[in-house]
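User: I'd like a close look at one part of this protein, with the cut-offs spelled out as you go. Could you walk me through it in one connected answer?

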Amino acid sequence: NGETVAMLLSNAYRPDPRVQKEARALARAGYRVAVICWDRRGEFAPVQEQDGFAVRRICVRSGYSAGSRQILHLPRFWWRAVQELRTLRPDLIHAHDLDTAPAAAWYAAWRRIPWIFDAHECYPEQIRPQVHPLIYRLLLILERQMARRATRVLTVGELLAERFRTMGGRVAVIGNYQAREAFLPKRAISREDLGLRPNDYVVAYIGGFTAARAILPLIAATDLCRDVTVLLLGDGPQRAAIETA
């Protein structure tokens with residue numbers, strides 16, 4: 001259809017799987033798509049073409065998991081992102097997560113175009129352990145304002161969808177998961193293979209081993225509830241501490 005969609009993303013797109021799937025789907029549907037993303041360490045090419053869409057990286061020096069200090073760098077990324085939007089002149093903006101939504105909302109209001117708030121997760125709760133309580137409260141206010149103002153809120157499941165509906169958002173669910181067929185094992189993996197009994201109650205976590213995921217408290221909770229088995233699959237900076245626990 002020839003319309004341009006600009007996506008805003010606060011990581012360097014290595015790629016980011018959810019963003020990749022959505023951008024690829026839009027490109028296949030005939031949209032021109034540009035992912036404007038934040039390369040905090042200058043590690044990747046400033047401009048790339050892949051999967052039928054463009055990736056445009058902005059280098060504003062910062063780090064990941066910077067906590068409250070990120071407030072010094074985030075506005076600089078927003079400003080640079082708005083400059084990119086002024087160059088692209090998109091027909092629609094797709095903001096990935098709360099930390100890109102203010103730039104999308106401002107530009108969309110200025111140009112009077114629609115914008116999407118794509119909430120991959122509950123952002124304020126995700127970073128709450130890393131930031132000052134005042135910043136956490138401000139994020140809750142910002143989240144409510146962005147949900148109300150967005151043309152549409154996308155999120156990953158019904159639990160988050162209901163959260164945004166209570167804020168006044170117009171919400172649609174797009175699940176963030178792979179097609180099951182792509183991951184079917186060549187042979188069935190049984191509980192016996194994993195050393196689990198047929199009636200064991202199992203809590204499984206599959207993902208990154210980071211402090212924000214609260215895996216160590218989950219392990220500690222098994223001391224209080226010994227009839228539960230925790231099954232972990234992943235890797236990350238807390239791997240050694242998790243293995244020890």
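Which residue in S4 does Gln48 stand opposite?

Analyst: Happy to take you there: Gln48 stands opposite Val55 in S4. Bear in mind that this is a predicted model, where local features need pLDDT of at least 70 and side-chain atom pairs count only at pLDDT 80 or more, while totals for chains, interfaces and linings use all residues. Residues are numbered from 1 along each chain as its sequence is written, and side-chain values use heavy atoms, with hydrogens and water left out.

Let's start with the strands. Helices (H or I, at least four residues) and strands (E, at least two) are DSSP runs numbered from the N terminus, and two strands pair if DSSP finds at least two bridges between them. S3 and S4 (residues 53–58) are antiparallel and joined by four bridges. They belong to an open sheet of eight strands with mixed pairing, in the order S3-S4-S2-S1-S5-S6-S7-S8. Strand S3 (47–50) and strand S8 (171–173) are at the edges with a single partner strand each, so one side of each has no neighbour in the sheet. From one strand to the next, the twist averages 20°.

H2 packs on H3 at an angle of about 40°, with the axes 9 Å apart. Trp78, Val82, Leu85 and Arg86 of H2 make that contact with Pro102, Ala103, Trp106, Tyr107 and Trp110 of H3.

What about the interior? A nonpolar core is a set of buried Ala, Val, Leu, Ile, Met, Phe, Trp, Tyr and Cys residues joined through side-chain atoms within 4.5 Å, where buried means under 20% relative accessible area, exposed over 50%, and partly exposed in between (1.4 Å probe, protein chains only). The largest nonpolar core has 39 residues, and those with the most contacts inside it are Leu8, Ile93, Trp115, Phe117 and Phe164. Helix H3 (residues 101–111) gives the most to this core, six residues. Val55, the residue you asked about, is instead in a second, separate core of 12 residues, which also includes Val5, Ala23 and Val35.

Note on methods. Axes are lines fitted to C-alpha atoms, for helices over the stretch in contact, and angles run from 0 to 180 degrees between N-to-C directions. Contact means heavy atoms within 4.5 Å.
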